[in-house]
Amino acid sequence: MKNILPTPLQYKKNKLTFDGLFLDKIAKVRPTPFYLYSKKSLDFYYKSFTSNALKHKIPSPLICYAVKANSNSEVLKRLKTLGSGADVVSVGELKKALKAGIDPQKIVFSGVAKTENEILFALNCGKRGIYSFNVESIEELELINAVAKKEKRIARVAFRLNPQVNAKTHKHISTGNKTHKFGLLKADILEAMSVKEFWGNTTLVGLSVHIGSQLTDMKATISAIRELCILALEIETPLEFLDVGGGLGIDYTQDDRSKLASIETYMKAVSESLEKYYFSKNNHVPRIVFEPGRILVGKMGVLVSRVVRTKTSDNAHFTIIDAGMNDLIRPALYEAYHEVLPETKSKKLIKTDIVGPICETADCFGTQRSMPLLQSGDLVVIDNAGAYGHTMASRYNEREIAAEYFI
Ligand SMILES: *Cc1c(COP(=O)(O)O)cnc(C)c1O
């Protein structure tokens with residue numbers, strides 16, 4: 001099945017447009033490189049996610065957007081307006097989510113290294129603190145309990161289960177196996193349940209699972225949900241929610257398009273597995289929490305850059321652009337593929353390596369790409385850069401952090 005997800009980019013008379021606006025116009029008044037995001041696209045993906053959840057009869061779905069994918073304040077504010085909650089992994093992200101107006105009771109806190117100060121802040125924000133600490137170790141549970149005791153509060157916690165499934169994705173973005181640092185094994189969760197001292201100032205409200213990112217195949221997702229449900233049935237306490245995590249992929253390449261599960265296919269898989277492994281065996285209906293990141297923001301954003309110069313050495317041809325791995329690290333970090341599009345289309349194409357200005361060989365956006373012979377000042381666009389782009393930017397080589405514009 002072909003699965004081409006819509007993007008804001010489109011050629012009109014061989015000139016690239018973004019949400020219908022000519023890109024050369026947008027770039028005329030903005031120094032490159034910069035990120036460009038489309039509100040229309042963000043709305044489309046959020047609404048498509050929620051409407052598919054409702055269509056597949058997911059009980060009171062709560063979308064906790066994974067802030068690490070893109071933490072731009074305008075993006076967060078828009079998501080808040082659309083009704084989204086947040087999945088945060090640091091107090092910095094938590095503060096940004098709160099600043100955007102997101103209700104603390106729609107915020108879950110994930111991550112293996114929550115510190116005492118972070119727990120303190122999360123416990124005391126809003127009237128009742130955050131919706132849930134998604135606990136990743138027994139040591140963390142003990143600390144949360146101790147902090148809550150000092151504050152005379154009850155912390156709402158969920159266990160993040162390590163379901164021991166192997167998600168077929170790049171090794172750096174797979175998280176659900178025994179060798180990964182994330183989550184707790186089932187036996188350890190059940191043991192922790194029976195230790196009274198852990199539960200003086202904590203209450204178990206849910207269970208969560210998240211097995212990795214850029215997932216295309218639904219098999220691992222279904223196995224993870226099965227493990228989550230089996231554990232939920234074993235735990236006597238009625239749970240307020242089951243959190244199925246995030247991870248749904250987008251199409252970066254042609255190959256992705258043939259493999260990718262659509263939002264619809266994903267929701268159907270989630271709904272059917274919940275029905276089969278939980279609802280059919282139990283009268284209790286917890287709400288379902290989702291933690292999507294990439295699928296909501298990946299396609300809405302591009303990185304706009306200009307050619308600095310071209311260079312040939314022997315047979316190799318390089319197109320050197322002013323965006324680098326410090327602006328978008330995914331190709332260097334995960335061998336990720338990003339389409340690079342010329343602003344002006346041409347029939348005459350050459351093979352060229354598209355590289356950035358950073359003093360690292362890994363600073364390369366693509367090798368042997370078919371591109372027009374570009375010149376200094378020509379615009380190019382790196383597609384599908386809305387997720388894990390700007391949030392991973394650094395100042396390496398003393399470069400400025402690229403600006404972001406939300407159209
Ligand atoms: C990163 C992360 C997500 C989001 O992953 P995507 O692939 O962007 O959907 C969700 N939950 C947790 C715990 C994460 O760490």
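Visitor: In which sense, left-handed or right-handed, does H5 pass H6 in this model?

Guide: This is a predicted model, and in it the axes of H5 and helix H6, which covers residues 138–150, come within 10 Å of each other. The helices meet through Glu 116, Ile 119, Leu 120 and Leu 123 in H5 and through Leu 143, Ile 144, Val 147, Ala 148 and Lys 150 in H6. The crossing in which H5 passes H6 is right-handed.

Visitor: Are H5 and H6 roughly parallel or oblique to each other?

Guide: The axes of H5 and H6 cross at roughly 55°. Angles under 35 degrees would count as roughly parallel and those from 65 to 115 as roughly perpendicular, and with the crossing at roughly 55°, H5 and H6 are therefore oblique.

Visitor: How are H4 and H5 placed, roughly parallel or roughly antiparallel?

Guide: The axes of helix H4, residues 91–99, and helix H5, residues 116–124, come within 10 Å and cross at roughly 20°. Because angles under 35 degrees count as roughly parallel, the description of H4 relative to H5 is roughly parallel.

Visitor: Over which ring does the charged end of Arg 30 sit?

Guide: A charge is taken to sit over a ring when, among other conditions, it is within 6 Å of the ring centre. The charged end of Arg 30 is 4.6 Å from the centre of the ring in question, which belongs to Tyr 405.

Visitor: Which residues of H8 make the contact with H7?

Guide: The axes of helix H7, residues 186–193, and helix H8, residues 218–234, come within 11 Å and cross at roughly 20°, and H7 and H8 are therefore roughly parallel. Their crossing is right-handed. From H7 the contact involves Lys 186, Ile 189 and Leu 190, while from H8 it involves Ile 230, Leu 231 and Glu 234.

Visitor: How is the aromatic pair of Phe 49 and Phe 290 classed, stacked or edge-to-face?

Guide: A pair of aromatic rings is described by the distance of the centres and the angle of the planes. The count for this model comes to 10 aromatic pairs, and in the pair of Phe 49 and Phe 290 the centres are 5.4 Å apart with 90° between the planes. Since planes over 60 degrees apart count as edge-to-face, the pair of Phe 49 and Phe 290 is edge-to-face.

Visitor: How many residues apart are Phe 49 and Phe 290?

Guide: Phe 49 is buried at a relative accessible area of 2%, and Phe 290 is buried at 0%. Together with Tyr 266, they form one aromatic cluster. Phe 49 lies in helix H2, residues 39–55, and Phe 290 in strand S12, residues 287–290, so that the pair links distant parts of the chain, 241 residues apart.

Visitor: Is Asp 43 buried or exposed?

Guide: Asp 43 is found in helix H2, where it touches Arg 78 and Leu 82, not counting residues up to four places away in sequence. Its relative accessible area is 12%, and because buried means under 20%, Asp 43 is buried.

Visitor: What is the phi of Asp 314?

Guide: Most residues other than glycine have a negative phi. Asp 314 lies in the loop between strand S13 (301–313) and strand S14 (316–321), and it counts as exposed at 76% relative accessibility. Although Asp 314 is not a glycine, its phi is positive, at about 55°.

Visitor: Is Glu 335 buried or exposed?

Guide: Glu 335 is placed in the loop between helix H12 (330–334) and strand S15 (340–342), and it has a positive phi of about 55° although it is not a glycine. Because exposed means over 50% relative accessible area, Glu 335, with 66%, is exposed.

Visitor: Is the peptide bond from Thr 32 to Pro 33 cis or trans?

Guide: Most peptide bonds are trans. Pro 33 is found in the loop between helix H1 (23–28) and strand S4 (34–37). The bond from Thr 32 to Pro 33 has omega near 0°, and it is cis.

Methods. Residues are numbered from 1 along each chain as its sequence is written. This is a predicted model: local features need pLDDT of at least 70, side-chain atom pairs count only at pLDDT 80 or more; totals for chains, interfaces and linings use all residues. Side-chain values use heavy atoms; hydrogens and water are left out. Helices (H or I, at least four residues) and strands (E, at least two) are DSSP runs, numbered from the N terminus. Buried means under 20% relative accessible area, exposed over 50%, partly exposed in between (1.4 Å probe, protein chains only). Rings of Phe, Tyr and Trp (its six-membered ring) pair if their centres lie within 6.5 Å; planes under 30 degrees apart count as stacked, over 60 as edge-to-face and the rest as tilted. A charge sits over a ring if NZ of Lys or CZ of Arg is within 6 Å of the ring centre and within 35 degrees of the ring normal. Axes are lines fitted to C-alpha atoms, for helices over the stretch in contact, and angles run from 0 to 180 degrees between N-to-C directions. Angles under 35 degrees count as roughly parallel, over 145 as roughly antiparallel, 65 to 115 as roughly perpendicular and the rest as oblique. A crossing is left-handed if the near helix is turned anticlockwise from the far one by less than a right angle, and right-handed if clockwise. Contact means heavy atoms within 4.5 Å.
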